[in-house]
Amino acid sequence: MKWYADRPGRFLRQVLADVVALAWIGGWIWLGFQVHDTVRRLRGPGDGLVNAGSGLRDTFRDAAASAGKVPLVGGQLADALGAGTNAGSTLVNAGNGEIDTAESLAFWVPVALVLAPVLFALLIWLPLRIRYARSAGAARSLERLAGGEDLLALRALTRLPLRSLARVSDDPAGDWRKGRRRVIGELAALEQNALGLRRTG
């Protein structure tokens, strides 16, 4: 495959298109990371709930353990303080739920934001570049083959507009069939020129 043309005009257009496409893709990916970091900050309140709930749960658990040692009423006090332990656990669970939601959003929101424009660029730009690279590579390979000039001329006959072919001959297909070398050479050069290639031979 040959990724870039030999002729400066087409070469510069190809390079510019590649730079724009890669900048577009890179820009959206960068934006995705920024959105990820921003959305991930939404887990802050969840972290606060987990910390507060953990502190509350530990405090009530320690208090219930101490109250359990009080003679006669220790068991009842421990049970009453156990409700505070449960409240702390509820806060921890709520905080963890908020953290999970924030982490999920931090992943999926950037993916949804970036996926469409990046796929759009890849589905338009990449196939065009690959198609050019294959066509130019095939033309360069044909040029090196015995009879390659004839095949390049045939490609020109099948791919290029009639007005371009008419500049070479009034009957380019007939001249190709008759093996007229001048017309075949001009058709081959026309095909290579259409791809932005220079003849090497």
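Arg155 is buried in this predicted model, because its relative accessible area of 18% falls under the 20% cut-off. This arginine is found in helix 4. Leaving aside residues up to four places away in sequence, Arg155 touches Ser135, Ala138, Ala139, Leu142, Leu160, Glu191 and Leu195.

Helix 4 itself runs over residues 148-159, 12 residues in total. From first C-alpha to last, helix 4 reaches 16 Å, close to the 16 Å expected at 1.5 Å a residue.

An α-helix has 3.6 residues a turn, so residues three or four places apart point the same way.

The C-alpha trace spans about 120 × 25 × 25 Å along its principal axes. The radius of gyration is 36 Å, whereas a compact globule of 201 residues would have a value near 17 Å. Of the 201 residues, 32% count as buried. Among contacts between residues at least 6 apart in sequence, 74% join residues at least 24 apart.

The accessible surface of the chain comes to about 12,300 Å², and carbon and sulfur atoms account for 65% of that area. As for charge, the chain carries 26 positive and 18 negative side chains, with the centres of the two sets 11 Å apart.

Note on methods
Residues numbered from 1 in each chain as written. Predicted model: local features only at pLDDT ≥ 70, side-chain atom pairs only at ≥ 80, totals over all residues. Heavy atoms only, no water. Helix = DSSP H or I, 4+ residues; strand = E, 2+ residues; numbered from the N terminus. Expected span 1.5 Å × (residues − 1). Buried < 20%, exposed > 50% of the residue type's maximum accessible area, 1.4 Å probe, protein only. Contact = heavy atoms within 4.5 Å. Rg over C-alpha atoms; globule rule 2.2 N^0.38 Å. Areas by Shrake-Rupley, 256 points an atom, 1.4 Å probe, with all protein chains shown as cover. Lys, Arg positive; Asp, Glu negative; His and termini not counted. Charge placed at Lys NZ, Arg CZ, Asp CG, Glu CD.
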